[in-house]
Structure formats: C-alpha cells, structure tokens
Amino acid sequence: MSQTINIIEPTLTTETGHCFSFIESLCSANPAMRFSVWMNYAASLDFSSKNTVINKYFFRKMRKLQCVFLYRKLLNTSDKILIATAGRFDLVIFDWISRKTIPPNKVYFYFHWMNESHKKLAYLKKLAIKQPNLVMLGPTPSIIKIFETAGFKQAHVVPYPIAKITSEEQPVPQTFKNILFAGVARQDKGFGHVVDLIQQASQQNLTLPFTLQVSPDHHGQYDVKTKADIVRLSTIQYDYLERLNDTLSKEWYAKIFLGAICLQPYNEVDFSDRISGVTLDALSFGSPIVTTGGTWIARQVERFDAGIVAKSTAPTDLLLAIEKVIAEYSYYNHNALQASQILQDEHNANHLACVFEG
C-alpha cells in the first residue's frame with residue numbers, strides 16, 4: 001500500500017485510557033500499511049510497529065485551531081485520514097474547509113459513541129448530501145444507524161480493536177486474588193459507587209481485598225465529583241485497599257486483571273450501547289466482571305456468563321454479586337477465558353485495517 005494513513009488523536013499523551021491501545025493495535029495489524037500518528041506535543045510513548053511515524057503536534061488549548069490547519073493540509077495530499085476518536089466538531093471542520101466534494105476512501109471517522117438529537121440529525125442529513133463520500137465507522141449498530149438514517153452511504157460497524165495477546169501473554173486459570181476497579185477514575189464509570197462500596201466494607205469490618213486504579217484523565221485531571229470522592233476515599237480506614245495512582249505500563253496493566261474480579265458499576269445511560277475497553281481487557285485476561293444492568297457491559301457478561309449483573313449500584317447489591325463470583329470463581333474465570341478467545345477474533349484490529357484497503 002503506497003498511501004499513508006494519518007491517524008489524528010489530539011489527546012494522546014500517555015498509555016492512559018484506551019486511545020493508545022486502539023491506535024497501536026491498528027498500526028500493528030498489517031506491517032505492509034504505513035501510518036502517521038498525530039498526537040499531543042508532550043506525548044511520552046512509542047509504538048512497537050516499525051511502520052508508524054509519530055508526530056508530536058497538538059497543544060491542548062490550541063488543538064481545535066490546529067485541527068483546522070492539519071485537516072486542510074492533509075486533504076491536499078493523496079494520503080488517507082482517520083479521526084480516531086471522532087466527534088461532531090470534526091465533521092464541522094471538514095464541512096467548513098472543504099471547497100469541493102471530498103473523494104471516496106479519503107476521510108474516515110471512528111465514532112466510539114454518539115448522542116442522537118434532532119438538531120444533530122438535521123445537520124448530518126445536510127452533510128451527507130454535501131459530502132457523500134465521508135466514511136463513518138463505529139463499534140455498535142446503534143451508532144451506525146444514526147449515520148445511515150442521515151443518508152451516508154459509507155457507514156459501517158467495525159469492532160473496537162483490541163491489542164492482540166501474544167503466546168507469552170495467554171491467560172491461564174487463576175484463583176481469586178482481589179476486586180479490581182481499572183482505568184481512569186470518572187463519575188460515568190461509577191467511581192463514586194466504588195468509594196461507597198469501600199466505605200461499606202470498612203463499616204462491616206470485611207476483609208475483601210480491593211485494588212483501585214485512581215488514574216486521572218489524559219489531561220492529568222479529575223472532574224469535581226471524582227476529586228471529592230478521592231478525598232473521601234482517603235478518609236476511609238480500610239486495611240485491605242491498594243491504590244494505584246500512576247499510569248501503568250501496558251505489561252503491568254495486563255497483570256492487574258489476573259485473579260481479579262473487575263468491578264464496573266458504570267452509568268446505565270452513558271454506557272447503554274457504548275463499548276468499554278476495560279470490559280474487553282478484563283475478559284481478554286480472564287477476569288470475571290461485576291456490573292449493573294442496562295449496559296453493553298452487562299450484555300457481554302450475560303453473553304459469556306462471565307460474571308454477575310448486580311441489581312443496582314448500591315453497596316449491598318454489589319457486595320452480594322461479588323460474593324457470588326468469589327464463591328464460584330473458577331467457573332466464572334473459565335468462562336472469561338473462553339470469552340477471551342472469541343473476543344480476540346471478533347475485535348482483531350485487522351477488521352479496521354481492512355477498511356482502508358478500499
């Protein structure tokens with residue numbers, strides 16, 4: 001393939017979150033492809049694939065303006081463009097800077113999630129007429145349906161890519177070790193509910209071991225409520241709590257799932273049909289999951305019988321679900337390992353890489 005695929009991800013700075021694994025797995029999928037990744041100027045990471053060029057480009061406060069100039073520049077080349085974490089703002093920019101119809105198989109948008117509204121749909125319908133060749137990608141049918149309804153002819157469900165597990169990393173059966181909250185600490189991921197649970201465990205003098213990853217977002221920040229929850233967490237006397245405050249290497253991150261029960265009391269509205277990278281990571285490494293109903297996460301748990309869907313986010317309901325998984329950990333661990341093999345195929349980055357061969 002002679003064309004370079006320019007991947008745009010202004011927030012990419014470290015391995016925090018799933019931006020890095022998303023992009024690295026894509027770049028590693030096909031060594032014959034060439035990639036150029038445009039990321040934050042302060043990025044401190046590298047890619048294992050030799051077919052990838054790194055461009056430290058974006059400043060946080062200027063990134064929107066920088067996008068305008070970069071998108072315009074790349075439109076005037078023969079290379080392809082992938083907006084890795086696309087939003088409506090990206091569509092508006094391309095609409096604004098395009099003086100003529102963008103050619104087929106030139107610009108690709110991967111929408112991880114999208115809220116539908118009449119205003120957005122009206123705008124999308126106008127854009128689909130003006131720019132019919134834009135390629136819309138997303139991990140679930142509900143996202144793609146929005147673009148199909150708007151009239152885009154190139155709208156495809158493409159599984160969210162996950163890193164390939166090497167033969168050395170293949171998970172094996174485990175015994176129960178701890179209860180894990182993994183990833184960035186945010187309110188929509190139920191961090192406040194997790195702190196409530198720790199407080200309940202302390203009040204009941206339980207000895208359940210917890211490991212909480214208390215990482216900030218890619219800007220190194222927390223939202224106001226999460227800040228308050230972290231302060232509250234520091235006041236709870238519980239001897240069986242381990243806090244992981246720093247960003248973990250991908251090797252160490254993979255290890256924290258071994259023998260764990262992954263706790264995901266995520267917001268039902270925000271994650272009703274939104275992919276969770278933590279869910280895919282947990283199942284990939286054989287970790288059973290405790291979550292709550294009405295989410296994409298819950299449907300994966302039920303699909304593989306790889307954990308328990310709790311009745312609510314209340315500490316008593318979460319504890320009951322956790323105790324059930326601990327009592328039959330070998331069973332749920334086995335099912336999670338079976339899920340790992342299936343998900344490695346379903347979410348292979350080659351599915352996304354093949355899109356660019358058109």
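**Salt bridges, cysteines and a buried serine**

At 24% relative accessibility, Arg 232 counts as partly exposed (buried is under 20% relative accessible area, exposed over 50%, partly exposed in between, with a 1.4 Å probe and protein chains only). The model is predicted, so local features need pLDDT of at least 70 and side-chain atom pairs count only at pLDDT 80 or more, while totals for chains, interfaces and linings use all residues. Residues are numbered from 1 along each chain as its sequence is written, and side-chain values use heavy atoms, leaving out hydrogens and water.

Arg 232 and Asp 196 meet through their side chains in a salt bridge, 2.9 Å from N to O (a side-chain nitrogen of Lys or Arg within 4 Å of a carboxyl oxygen of Asp or Glu). Because Arg 232 lies in helix α7 (residues 224–235) and Asp 196 in helix α6, this pair ties together parts that are 36 residues apart in sequence. Helices (H or I, at least four residues) and strands (E, at least two) are DSSP runs numbered from the N terminus. Asp 196 is also partly exposed, at 28%.

The count of salt bridges comes to seven. In another of them, the side chains of Asp 273 and Arg 299 meet at 2.9 Å, N to O. Asp 273 lies in the loop between β11 and α9 and Arg 299 in helix α10 (residues 296–304), so the pair links parts 26 residues apart in sequence. Both residues are partly exposed, Asp 273 at 22% and Arg 299 at 36%. Elsewhere, salt bridges that share partners join Arg 186, Asp 188 and Arg 274 into one network.

Asp 188 is buried at 15% relative accessibility, and Arg 274 is buried at 16%.

The structure holds zero disulfides (pairs of cysteine sulfur atoms within 2.5 Å). The sulfur of Cys 67 is 13 Å from the closest cysteine sulfur, in Cys 19, which is too far for a bond. Cys 354 is in no disulfide either, the nearest cysteine sulfur, that of Cys 27, being 15 Å away. Cys 67 is buried, at 4%, whereas Cys 354 is partly exposed, at 42%.

Ser 25 is placed in helix α1 (residues 19–29) and is buried, with a relative accessible area of 9%. Leaving aside residues up to four places away in sequence, Ser 25 touches Pro 161, Ile 162, Ala 163 and Ala 349, where contact means heavy atoms within 4.5 Å.
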